[in-house]
Each structure stands twice: as structure tokens, then as C-alpha cells.
Amino acid sequence: MAVLQIRKYPDPVLRQKAQPVGDIDEALRRLIQDMAETMYAAPGIGLAAPQVGVPKQVIVVDISTQEQGHPLIALINPEILEAHGEVESQEGCLSLPEFTTTLRRAQQVLVRGLSPEGKPLELEATGLLAIALQHEIDHLQGTLILDRASLLSREFYKKRLKKLTSAG
Ligand SMILES: [Zn+2]
């Protein structure tokens, strides 16, 4: 296993629409393992393949550091079938260093996808797990929390980023 480099905004790969996975082979399973290791090393509670420069529909989520009793979830070609309710929380993103914003998401989602073994899975999630799944599935569409944030916090971050990059 290997820790991969996490792509940061404004890397264009973060804006690409991720492609559905056709063949689930050894290389894909290795990618999933590397993504999990990269997420744990960061540390973070979720990671989507475009964040490591691979525009494929693959996500990993593990919220066990925040809420006990949840295993690592790896999903291929995930899609949200149902979304209910509303919840507000603070979100950050490994591709957007030093940016957090309060966002509103569905409180409960039903997600369908394939396991790393290629088995169809349906997953009902609430609370933090539902939020993390929605965040990672957003990445597969090229959507970042920056796009969902208010105009004010978006402009503030872009200005700050400019300062940071010109300083270093
Ligand atoms: Zn993210």
C-alpha cells in the first residue's frame, strides 16, 4: 500500500466528471487500498478518487474516529437513490486546506454502488456518515464544498489562497 499525493484546489482534476468503473480488477483494488491509506494518513474521514488524480467513480469513507461502530466503506460507482431531511454541519475538505464552511445536506441517504469485490450494495446512512457520503459523491461530479459555500466565504478563501501561494 502507498500514501498517494492529495490534489489541492485549483487542480483541474478536481473539476473533471469522474468516469464509471467498468472492470473491477487488481489495479482498482490496489487504488482503493491506497486511497484508504491516504485518507487515514491525512487524516480525513473520506476521499474520492479524483482527489488522488484518478477521475474514476470510487470513494472511501471511514467515520470511526468521530463515531464508533462504523467500518471502512469503499464504494465503486456510487449513486444517491434517496435523500431525506436536512442537517447543517461544518465541513472541510482535504483538497481545500484551511477552508471550512457550514453546509446544509440531506440528513439521511440511500446509496447504491459496488463493493471492491464487485457485489452490488445498498447502504442507508444518517448523520455524519450521510454527510460524508454526499461530500465524496459530490467530488465525482467535480463539485467542491467551495461551490456550495456562500459567495462571501468563497471569495474570502480565493483571496487568501492567492496570498498563500504568492507568499510561498
Ligand atoms: Zn472533499
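I take contact to mean heavy atoms within 4.5 Å. The model is a predicted one.

Entry 1, a loop residue. I looked up isoleucine 63, which sits in the loop between E2 and E3. Is isoleucine 63 buried or exposed? Its relative accessibility is 1%, so isoleucine 63 counts as buried. I then listed its contacts, leaving aside neighbours within four places in sequence: Ile45, His70, Leu128, Leu129 and Ala132. For one of these pairs I noted the distance: isoleucine 63 and leucine 128 lie 65 residues apart in sequence, yet their C-alpha atoms are 7.5 Å apart in space.

Histidine 135 and histidine 139 are both buried. They are separated by about one helical turn, because they are four residues apart in helix H2. The general rule I had in mind is that an α-helix has 3.6 residues a turn, so residues three or four places apart point the same way.

I noted about 330 Å³ of space in the largest pocket. Its lining has 18 residues, and those closest to the pocket centre are Ile45, Glu91, Gly92, Cys93 and His135. Which elements give two or more residues to the lining? They are strand E4 (87–93) and helix H2 (127–140). H2 supplies the largest share, six residues. Sorted by class, the lining has nine polar, seven nonpolar and two charged residues.

I looked up the span of H1, which covers residues 26–41 and has 16 residues. From first C-alpha to last, H1 reaches 22 Å, close to the 22 Å expected at 1.5 Å a residue. Which residues of H1 are buried? I wrote down Leu28, Leu31, Ile32, Asp34, Met35, Ala36, Thr38 and Met39. I also asked what covers these buried residues of H1. The cover includes strands E1 (46–48), E2 (58–61) and E3 (73–84).

Definitions and conventions:
Residues are numbered from 1 along each chain as its sequence is written. This is a predicted model: local features need pLDDT of at least 70, side-chain atom pairs count only at pLDDT 80 or more; totals for chains, interfaces and linings use all residues. Side-chain values use heavy atoms; hydrogens and water are left out. On a 1 Å grid over the protein atoms alone, a cavity is a set of points where a 1.4 Å probe fits but cannot get out, and a pocket is an open set with protein on both sides within 12 Å along at least five of seven lines; lining residues have an atom within 4 Å of a point. Grid points are joined across faces, edges and corners, and a volume is the space filled by probe spheres set on the points. Ala, Val, Leu, Ile, Met, Phe, Trp, Tyr, Cys and Pro count as nonpolar, Asp, Glu, Lys and Arg as charged, and the others, Gly among them, as polar. Buried means under 20% relative accessible area, exposed over 50%, partly exposed in between (1.4 Å probe, protein chains only). The expected span of a helix is 1.5 Å times one less than its number of residues.
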